[in-house]
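Dear colleague,

I am passing on the structure below, together with some notes on what turned up in it. Please read them with the model open beside you.

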Amino acid sequence: MRTLRNWMPTLGWLAATATSIALASAALLPVLRTAPAGEETLASVHELRRGGAGDEPPLTVTTPAQPTPSVASPSSTPPSAAATPTPSAGAPRTTTTRDGWTVTTDAAGVATYLRSFRVEGGQTVVRASRGRVQLVTATPGPGYSAKTVQNTPDNLAVFFLETNHHFVIHVVWRDDAPFAQVSEIGG
């Protein structure tokens, strides 16, 4: 019986810690499911804290087909190389940049948004069109692992995880356009 008495403070601490983790996770869910309109996140978390990547004038070019989805390991090809489009025989597409997103409009007038997010924990490329948000690539940095959560077609979260340090890239489709939020937790 004396042994159980010695473990009581440790068991109390363990119960309190588990409860606080559960409450913190529940408190963060609404934040991770929403994103403020117009936030520019085509930069690192540190650039976002300084006020964004800046306003760039619209750029118009012609571009071919889109890349295929993949999740890469840290030693594989970087997402920028994996996301390189290949030429297609179809009609040319008009491409502009809007709020940090590369917007490609096809001949039928359907807009597809593509954006790369780079944080200390890794890099991800996200595509969004017609109310759907899709992962193109997620490549964790050294010491990080990547995890994606997509509860609905219009809501995607990419996590780059390291012990006590996480980066979250959260993209939702709202008001006929994608909105993104980049968060750093811990560290």
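Leu14 lies in helix H1 (residues 2–32), where helices (H or I, at least four residues) and strands (E, at least two) are DSSP runs numbered from the N terminus. The model is a predicted one, in which local features need pLDDT of at least 70 and side-chain atom pairs count only at pLDDT 80 or more, while totals for chains, interfaces and linings use all residues. Residues are numbered from 1 along each chain as its sequence is written, and side-chain values use heavy atoms, with hydrogens and water left out.

At 49% relative accessibility, Leu14 counts as partly exposed, the classes being buried under 20% relative accessible area, exposed over 50% and partly exposed in between (1.4 Å probe, protein chains only).

Turning to the strands, S5 (residues 122–129) pairs with S6 in the antiparallel sense over eight bridges, pairing being assigned if DSSP finds at least two bridges between two strands. Within this pair Ala128 stands opposite Val133 in S6, and in the hairpin, which has two residues between the strands, Arg130 takes a positive phi near 50°. Strand S6 (residues 132–140) is largely enclosed by the rest of the structure, because seven of its nine residues are buried.

Finally, Trp101, leaving aside its neighbours within four places in sequence, is in contact (heavy atoms within 4.5 Å) with residues including Tyr113, Phe117, Val126, Val171 and Pro178.

With best wishes
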